[in-house]
Amino acid sequence: MKLKLHVWRQKGPNAPGKLETYEANHVSPDQSFLEMLDEVNEDLVKAGKDPIAFDHDCREGICGMCSQVINGVPHGGQVRTTVCQLHMRKFKDGDEIFIEPWKARAFPIIKDLAVDRGAYDRIIEAGGYTSCRTGGVPDGNAVMISKEAADNAMDAAECIGCGACAASCPNSSAMLFTSAKVSQLAVLPQGQVEAKRRVTAMLDEAKALGFGNCTNHYECQAACPKGIDVKFIAKLNREYIKALLP
Amino acid sequence: MILDGKCPTGPIETSWDRHRFETKLVNPSNKRKYKILVVGTGLAGGAAAATLGELGYNVHAFCYQDSARRAHSIAAQGGINAAKNYPNDGDSIYRLFYDTIKGGDFRAREGDVWRLAQVSNNIIDQCVAQGVPFARDYAGYLDNRSFGGAQVSRTFYARGLTGQQLLLGAYSALSRQVKAQTVKLHVRREMLDLVVVDGVARGITCRNLITGEIESHWGDAVILATGGYVNVFYLSTNAMGCSVTAAWKAAKKGAYFANPCYTQIHPTCIPQSGEHQSKLTLMSESLRNDGRCWVPKKKEDCEKPAGQIAEDDRDYYLERKYPSFGNLAPRDIASRAAKEQCDDERGVGPGKRGVYLDFEDSIKRLSEDTIRERYGNLFEMYEMITAENGYKQPMRIYPAPHYAMGGLWVDYNCMSNVPGAFVLGEANFSVHGANRLGASALMQGLADGYFVIPYTIGGYLTTVKPGQVKDDHAEFKKSKEDVQAEISKMISINGKKTPAELHRELGKVMWNNVGMARSKESLTEALKLIPKIRDEFWNNLKVSGSGAEFNQQLENAGRLADFLEFGELLAKDALHREESCGGHFRTEHQYDDGEAKRDDENFCYAAAWEFKGAGKEPELHKEPLKFDNVHLAVRSYK
């Protein structure tokens with residue numbers, strides 16, 4: 001396959017950026033999207049040009065490092081798929097593809113397609129944990145947890161923290177991300193003690209970092225490579241109201 | 001030199017408890033005066049940094065990723081072992097200990113393995129308290145599944161995402177300490193040197209991957225939890241950034257590298273589809289609980305669709321060869337068996353390098369929904385990569401490099417031979433011997449991080465004065481200059497080959513000659529070829545840009561430079577070990593039926609290599625292995 005790529009190039013956080021055009025001429029349908037970019041980069045390096053910087057690591061859809069907006073959609077629009085798991089058989093010969101970085105005020109660009117997602121770490125640091133010390137905890141089976149609760153917690157816990165939710169949201173809201181951690185801990189008995197403090201601290205932090213509020217567009221769920229459900233945002237709101245009540 | 005692992009003597013059942021009591025403690029009010037550097041934030045590093053922070057030490061943690069949550073522990077799918085015996089099927093600390101020693105083909109240190117089995121139960125409790133959503137049964141109790149190399153169900157799991165959930169647990173605990181300001185995080189930093197002053201580890205030199213700045217960090221102790229090295233094969237199941245660099249830099253500063261030839265080739269990976277491939281994807285071996293491995297009996301059937309091959313014409317080779325363990329034979333055995341079938345020209349798929357993993361019988365017995373509930377995400381992943389539906393036709397699998405049992409040599413306290421440098425998790429060599437059992441890597445990472453290092457590091461710290469050597473010492477300056485010089489050198493070559501091209505060349509040499517089956521001939525060949533690629537690297541490398549910027553090509557080049565030195569050591573170790581054991585299979589040393597033939601008389605030791613310079617002969621130090629609590633036996637899974 002032959003493809004024409006329009007890729008966002010930007011030297012640094014404060015430098016101006018623009019779309020540059022490249023050709024990918026030997027694309028195999030069995031290649032992943034990132035392997036296609038690897039080859040474009042090999043050609044750029046050999047031609048003495050600066051290769052395209054992009055974040056990636058595990059290349060199996062779980063580390064959450066890869067982050068590209070492809071044709072306007074974070075991760076490229078294939079259901080429950082990260083960029084690294086997107087394969088070229090989803091494209092056809094002659095396609096033009098636009099590749100841009102995450103766009104959200106709280107995710108400043110480092111270079112080209114790589115952004116700084118430290119803001120998500122700050123949200124977790126604000127309260128995304130149970131404050132148990134190592135050792136001195138009860139036996140794993142001491143507290144029974146219904147299968148439904150464990151499954152529900154797991155549905156939320158699958159979040160990989162990639163940032164696609166905020167990148168897809170017209171308000172750059174981090175609500176889906178925040179709700180995943182809040183919900184995981186709120187449905188488990190271990191998370192009850194600190195539930196009120198956790199939800200307010202995490203939401204306050206998200207606001208302070210420059211993420212917007214949720215206005216029910218549900219773009220986040222559509223973009224989420226793990227299919228995290230927006231019902232968790234409803235859960236988050238409920239937990240928040242509970243926290244405000246005496 | 002004969003190395004001493006400093007295991008406690010006396011009854012093994014109480015060895016760890018006695019050692020903990022006998023280890024000196026750091027006074028609570030003095031802990032904050034000690035600065036500890038933790039490199040790597042996977043299960044071992046993340047858990048260690050969090051726990052040491054909780055204890056009150058001044059901890060600095062480093063990772064090359066953009067967040068501590070992304071280390072490759074996150075990709076582990078299947079589960080974590082513990083000797084809880086919840087299913088009442090006869091498990092015990094002793095059985096987990098025994099299975100691990102046997103699974104490792106009697107090449108691990110008894111004391112370390114016993115401790116691992118003992119603290120395994122604490123890990124499960126800890127993770128549950130953190131809110132890790134382990135699978136539960138309908139009564140609300142923790143569920144277990146079985147895994148290769150064991151006849152009890154002792155594996156705890158969270159769907160097919162156990163590594164992710166455990167890592168996020170450790171990351172949460174770490175985040176709590178970052179908030180409490182006991183831990184300072186340094187993300188997007190790569191360690192490029194260990195700073196050793198008068199024989200003692202005093203800090204690290206690292207590169208800020210965003211700005212390219214070379215930084216010095218001093219510490220009263222340095223903990224390396226930097227993972228494994230199987231990306232030396234280029235194609236592996238590791239993340240792209242996984243490398244031997246941190247460990248190798250420590251080795252070049254005097255830390256011994258033990259048993260590098262013990263590499264694990266995982267049996268259930270998705271076969272390679274072409275030259276463009278950048279990594280191989282693993283599917284949890286828990287699939288072997290319900291999937292049956294087979295190949296056609298007849299060569300001429302290999303091209304046919306699986307459905308057209310009659311039951312009688314299928315060779316369920318694992319069930320045939322290992323009737324009691326069947327499809328759950330340990331990883332090294334299952335991998336080698338798959339290779340044998342393909343070498344016999346009975347493989348399937350592109351290049352005939354694949355075997356079937358078939359769920360038809362399980363779907364008939366249990367229903368497709370049950371299989372989906374157990375392994376749904378793995379089937380999705382398989383379809384995404386191959387465009388084939390594993391419910392309708394058998395999956396194709398082939399072994400791929402996955403895990404490194406070898407690593408930096410450490411004593412019972414997880415300290416290397418360089419005082420002050422500790423090594424945890426996959427980066428050390430200690431508990432898996434020559435082969436790791438499934439669901440034991442997560443167990444080791446968290447055991448080392450949560451329950452071992454927090455005790456053992458205190459014993460060392462009581463012997464040093466806090467802040468005695470800081471980053472104004474001349475050694476730090478020299479280290480920085482050396483790192484800078486190597487970077488400048490790589491950039492100035494301006495040759496024709498990219499790091500990826502050269503890495504692929506190295507990978508081919510390693511996989512073909514030092515892979516699943518090794519011989520004197522193949523290893524000698526590898527030792528001839530590796531230095532040639534290394535020479536080409538230093539004369540014909542092409543890296544664009546400069547060192548003073550975000551430069552991923554430069555990162556790859558630096559990691560490759562270390563693999564090119566380390567790969568040679570791996571091959572040397574494999575050549576010197578004239579026996580077959582676990583993941584190390586020498587074709588000269590096998591029984592008539594093709595099983596690995598150990599040589600306990602001559603090779604019952606850990607081989608710890610001292611670096612003497614690139615291209616120079618390393619010096620071998622031996623740590624004899626003593627087995628007082630298990631009987632050295634031929635490992636049989638028949």
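This is a predicted model: local features need pLDDT of at least 70, side-chain atom pairs count only at pLDDT 80 or more; totals for chains, interfaces and linings use all residues.
1. For a closer look at one pairing, follow strand β7 of chain B, residues 200-208, which joins β8(B) in the antiparallel sense over five bridges. A handy landmark is B:T205, which stands opposite B:S216 in β8(B).

2. Next, turn to two helices of chain B. The axes of α2 (residues 43-55) and α5 (residues 162-179) of chain B come within 8 Å and cross at roughly 30°. Angles under 35 degrees count as roughly parallel, so α2(B) and α5(B) are roughly parallel to each other. Their crossing is left-handed.

3. Which residues of α2(B) meet α5(B)? They are B:L43, B:G46, B:A47, B:A49, B:A50, B:G53 and B:E54. On the α5(B) side, the partners are B:L166, B:L167, B:A170, B:Y171, B:A173, B:L174 and B:Q177. Sorted by class, the contact of α2(B) with α5(B) has 10 nonpolar, three polar and one charged residues.

4. Now for the domains of chain A, which is divided into domain 1 (3-110) and domain 2 (118-244). Taken over C-alpha atoms, the centres of these two domains of chain A are 29 Å apart. In their contact, 17 residues of domain 1 of chain A touch 17 residues of domain 2 of chain A. The domain 1 side of this contact in chain A divides into eight nonpolar, six polar and three charged residues.

5. Chain B has its own assignment, with domain 1 at 266-400 and domain 2 at 476-605. Here 30 Å separate the centres of domain 1 and domain 2 of chain B, again over C-alpha atoms. Each of these domains of chain B gives six residues to the contact. On the domain 1 side in chain B, helix α8 (residues 331-343) of chain B supplies the largest share, five residues. By class, that side of domain 1 of chain B has one nonpolar, one polar and four charged residues.

How values were computed
Residues are numbered from 1 along each chain as its sequence is written. Chains are lettered from A and ligands numbered from 1 in the order in which they are written. Domain bounds come from an automatic or database domain assignment. Two residues are in contact if their C-beta atoms, placed from the backbone, lie within 7 Å. Ala, Val, Leu, Ile, Met, Phe, Trp, Tyr, Cys and Pro count as nonpolar, Asp, Glu, Lys and Arg as charged, and the others, Gly among them, as polar. Two strands pair if DSSP finds at least two bridges between them. Helices (H or I, at least four residues) and strands (E, at least two) are DSSP runs, numbered from the N terminus. Axes are lines fitted to C-alpha atoms, for helices over the stretch in contact, and angles run from 0 to 180 degrees between N-to-C directions. Angles under 35 degrees count as roughly parallel, over 145 as roughly antiparallel, 65 to 115 as roughly perpendicular and the rest as oblique. A crossing is left-handed if the near helix is turned anticlockwise from the far one by less than a right angle, and right-handed if clockwise.
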